[in-house]
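Open the model in your viewer and keep the sequence panel beside it. At each stop, select the residues named and then read what is there.

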Amino acid sequence: MTVNDDRFHDHCGVIAVYGDPEAAKLTYLGLYSLQHRGQESAGISASDGERLVTHRAMGHVAEVFTQDVLKSLPGYAAIGHTRYSTAGDTDLLNAQPLAVSCQKGQVALAHNGNLVNASAIRRDLESRGAIFQTTSDTEVIVHYFARSRQAGVPEALAEALDKVVGAYSLVVLFKDSVIGIRDPRGFRPLSLGRLGSAHVLASETCAFDLIDATFVRDVEPGEMVILNREGVTSLRFAVPTQPAQCIFEHVYFSRPDSMVFGQSVQTSREMLGRLLAREHPAAADLVVPVPDSGVAAASGYAEESGIPLRFGLIRNHYVGRTFIEPSQTIRDFGVKLKLNPVRKLLEGQRVVLVDDSIIRGTTSRKIVRLMRGAGAREIHMRISCPPTVSPCFYGIDTPTKKELIASSHSVEEIRQFIEADSLGYLSLEGMRQAVGDTQGRYCLACYTANYPTTIQEPLLALRNRD
Ligand code: SF4
């Protein structure tokens, strides 16, 4: 059992390198930059032009890859994946890249996102004799690809993707090429970069920075980019549809040093904080972020309000995942293990406490109590997005609807629950303004419950259960 940290969890990170003799090593380095997107397992598949070799294991990137493992991954093309389980059980079988041999040769695939019709098509495939190796939704894409009668690889992939609905940013490795794909709504990010004569694809541009690659452009929703000896070829595999890029990538998931959906994440988060200060001012002495998630928004709030920013909560970065018995008494230590208040700064002060979300409310209440215990006189909680009222089906691990406190409580009721002196959430309009969304290109479903796709009954029942 792990300490319940009351957060939405990251999903997965993908990276690919084509055209460099050290492709696997570059992929490995890039995975370090994507570690925040998934910490349960990591894997790399590499091609030397003749065959694919894959290594996957449970654990962080640093634990999974040794020098010997990297030596066993030769070649000029590689793909990598870090995983946090969102669909399928958490075990090595579901770690990615998923590698198979089929009539089209060896193929390895790494997926960021979640399909919303995977269980129905899986039942359909199983009724026609398909045997699945994993419980992950990604495998249905591999099955459809392997079964396709299309002779060409891009055409066979397009045929497979035509059957699935949901979020997928994919990198796919063949012995002589890498293909990057973004679903027609573009839920998850995927960017194209360049490193000398090599090309790179990654979930976030912070991976490019680490390996000195330069950002070229985002892969477009509904686009397939093929990286091979001829360079980069772009194909459209789906009819254009209204994009639904995940706004939570800007609010919380992506690293602030990344460019996501064409905009700096740091800039978005500071703007979220600025607009929050305009919408919900407070008479206070200090602005204190909940580290690390609230730091950028708190700095925007402080600049806009003129109230000084102080780091009144210190995060212990070395806790990681803490395995303890799940009794409530012991669980309560979870927040204290991670955060400690700075009494010297807080004593007698009126504090604006800035965070990026309230999920169940239990962690926020513990933090408020911690700060009062350290002498804070007033605590004005400010949240840099609207109330989270509905679960995600597109690759983010969220609690059930019932567990989301805002699904059943008013802002005043939440304020009382977390024991703050005041509580203010950024409005939906403010959030859209902060990311420059003038054309409705973002998914906002966890704040509005208006999902951009149909969601299958079994998934709905799972997330809406009591
Ligand atoms: S439901 Fe929320 S977390 Fe999921 S894709 Fe939409 S905005 Fe992102």
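This is a predicted model: local features need pLDDT of at least 70, side-chain atom pairs count only at pLDDT 80 or more; totals for chains, interfaces and linings use all residues.

Residues are numbered from 1 along each chain as its sequence is written, and side-chain values use heavy atoms, with hydrogens and water left out.

**Stop 1: a surface patch**

Select L29, Y32 and L210, which form a nonpolar patch on the surface with about 250 Å² of accessible area together. Accessible areas come from the Shrake-Rupley method with a 1.4 Å probe, and for residues only the protein chains shown count as cover. A patch takes residues with over 30% relative accessible area and no salt bridge; like charges are joined within 9 Å, and nonpolar side chains (Val, Leu, Ile, Met, Phe, Trp, Tyr) within 5 Å.

L29 belongs to helix α1, residues 23–33. Helices (H or I, at least four residues) and strands (E, at least two) are DSSP runs, numbered from the N terminus. L29 counts as partly exposed because its relative accessibility is 34%. The classes are buried (under 20% relative accessible area), exposed (over 50%) and partly exposed in between, with a 1.4 Å probe and protein chains only.

**Stop 2: helix α9**

Now select residues 265–279, which make up helix α9. The 15 residues reach 21 Å from first C-alpha to last, close to the 21 Å expected at 1.5 Å a residue. The expected span is 1.5 Å times one less than the number of residues.

Which residues of α9 are buried? They are V265, S268, R269, L272, G273, L275, L276 and A277. An α-helix has 3.6 residues a turn, so residues three or four places apart point the same way. At the start of α9, look for the side-chain oxygen of S264 that comes within 3.3 Å of the backbone nitrogen of Q266.

**Stop 3: two loops**

Go to T453, in the loop between α17 (445–448) and α18 (457–464). Is T453 buried or exposed? T453 counts as buried, because its relative accessibility is 9%. Its side chain makes a polar contact with the side chain of Y394 at 2.8 Å. A polar contact is a pair of N or O atoms within 3.5 Å; within protein, one must be able to donate a hydrogen and the other to accept it, and residues adjacent in sequence count only if both atoms are side-chain atoms. Leaving aside neighbours within four places in sequence, T453 is in contact (heavy atoms within 4.5 Å) with V116, V165, R185, F187 and Y394.

Next select G49, in the loop between β2 (41–47) and β3 (52–58). Not counting residues up to four places away in sequence, G49 touches Y76 and K175.

**Stop 4: salt bridges**

A salt bridge is a side-chain nitrogen of Lys or Arg within 4 Å of a carboxyl oxygen of Asp or Glu. The count by this rule is 19.

Select D292 and R315, whose side chains meet in a salt bridge (3.8 Å, N to O). D292 is in the loop between β17 (286–289) and α10 (295–305), R315 is in strand β18 (residues 313–315), and the two are 23 residues apart.

Finish with E419 and R369, a salt bridge with its closest N and O atoms 2.8 Å apart. E419 lies in the loop between α15 (411–418) and β22 (422–425) and R369 in helix α14 (residues 362–373), so the pair ties together parts 50 residues apart in sequence.
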